[in-house]
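Subject: Structure for your review

Dear colleague,

Please find the structure below, followed by an account of what was found in it.

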Amino acid sequence: MGDVIDDYAKRFARLRTNRNRKVWSEVTAHQAPHKPILLLCVLDLFDSGEIRENLVEITDDLAALFSRYWERALPFNHRGNLALPFFHLQGDGFWHLLPRHENNGLGSQITSLPRLQEEIIGARLDEDLYDLLRLKENRDLLRGILIEAYFSPETRRLVFEQSVINRGALVYSEELLKHPEDHRVRETLHIEEAYRSAVRDQGFRRAVVSAYAHRCALCGIRVRTLDWHTAVTAAHIVPWSETQDDRPANGMALCRMCHWSFDEGLFGVSQGYEVVASRQLNVLDNLPGYLSSLEGRGIVAPTQKPFWPDTKSLQWHLNNVFRI
Ligand SMILES: [Zn+2]
């Protein structure tokens with residue numbers, strides 16, 4: 001087994017990457033970081049138990065993890081497109097795309113996630129690589145090699161931190177979704193103090209946004225880009241600082257405008273799950289636009305009842321945040 005891990009360690013350190021020094025700075029060792037970041041995401045998915053067979057699928061989680069790494073390592077760079085490494089990693093010999101349709105040679109390059117999903121079931125790893133990755137010590141070794149080989153010394157710490165947060169958030173989020181009534185899930189968070197708040201934020205967001213399937217609970221919009229960035233965020237109904245309650249039922253997925261309006265007390269939600277609007281929407285020279293049409297409408301609730309907003313939380317918000 002030692003020889004096999006050594007072999008993959010070398011191959012991970014020498015991925016075929018774009019090495020255009022005009023485009024890629026020393027932050028990413030003068031190489032395109034797409035493939036190493038994709039592999040870091042795959043390691044995170046193994047760690048959190050999301051990959052249980054030899055198949056890497058094109059999922060929301062993979063896209064979200066990829067964005068997180070990218071934003072952390074390259075906050076000022078243009079966005080990375082996950083579809084590119086997912087397609088091109090096949091050139092490195094251990095990543096095999098499984099076409100969805102027979103007789104599909106996948107000859108031409110695929111550059112968007114929806115297209116990729118249409119054409120490809122996922123990627124299968126070499127069997128011996130898959131076996132290696134089932135062991136945590138091998139994942140830790142390969143993670144270290146990726147971070148060392150493709151990021152500058154100053155960036156390595158950020159990327160490593162993000163890997164801790166990504167793994168912790170996936171596990172925390174699954175706990176929140178599995179135990180929707182349990183106020184004490186946070187106590188299961190076995191993670192260093194320095195990372196706890198980032199892990200909670202990212203985990204809560206994943207749980208709530210997936211419970212609402214990316215729709216805004218107040219205005220109902222769902223807008224996603226082709227690389228699956230989403231317009232909604234996760235809002236606490238009763239703020240974390242008050243009750244330390246990360247249950248999905250103490251949250252709603254809200255678009256940026258509705259999130260701001262809800263936190264400002266311009267909107268609330270009644271005990272019958274209808275939108276309540278503040279009179280302050282129409283003061284000064286406000287032009288509230290479509291926000292005016294939301295009053296009295298039913299919220300867009302999650303399909304699963306345990307994730308519906310807790311009426312006690314909603315009442316707390318009406319009493320303490322909402323502006324008459
Ligand atoms: Zn909205």
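A salt bridge is counted here when a side-chain nitrogen of Lys or Arg lies within 4 Å of a carboxyl oxygen of Asp or Glu. By this rule, one salt bridge is found across the interface of domain 1 and domain 2. The side chains of Asp-60 and Arg-224 meet in a salt bridge, with 2.6 Å from N to O.

The model is predicted, so that local features need pLDDT of at least 70 and side-chain atom pairs count only at pLDDT 80 or more, while totals for chains, interfaces and linings use all residues. Residues are numbered from 1 along each chain as its sequence is written, and side-chain values use heavy atoms, with hydrogens and water left out.

Domain 1 covers 2-151 and domain 2 covers 214-320, with bounds from an automatic or database domain assignment. Their centres, taken over C-alpha atoms, are 36 Å apart. Eleven residues of domain 1 and six residues of domain 2 take part in the contact (heavy atoms within 4.5 Å).

About 720 Å² is buried between domain 1 and domain 2, and carbon and sulfur atoms give 59% of this area. Buried area is the accessible area (1.4 Å probe) that two parts lose on being put together, summed over both.

On the side of domain 1 that touches domain 2, helix 3 (60-73) and helix 5 (113-119) each supply at least two residues; helices are DSSP runs (H or I, at least four residues), numbered from the N terminus. Helix 3 gives the most, with four residues.

Yours sincerely
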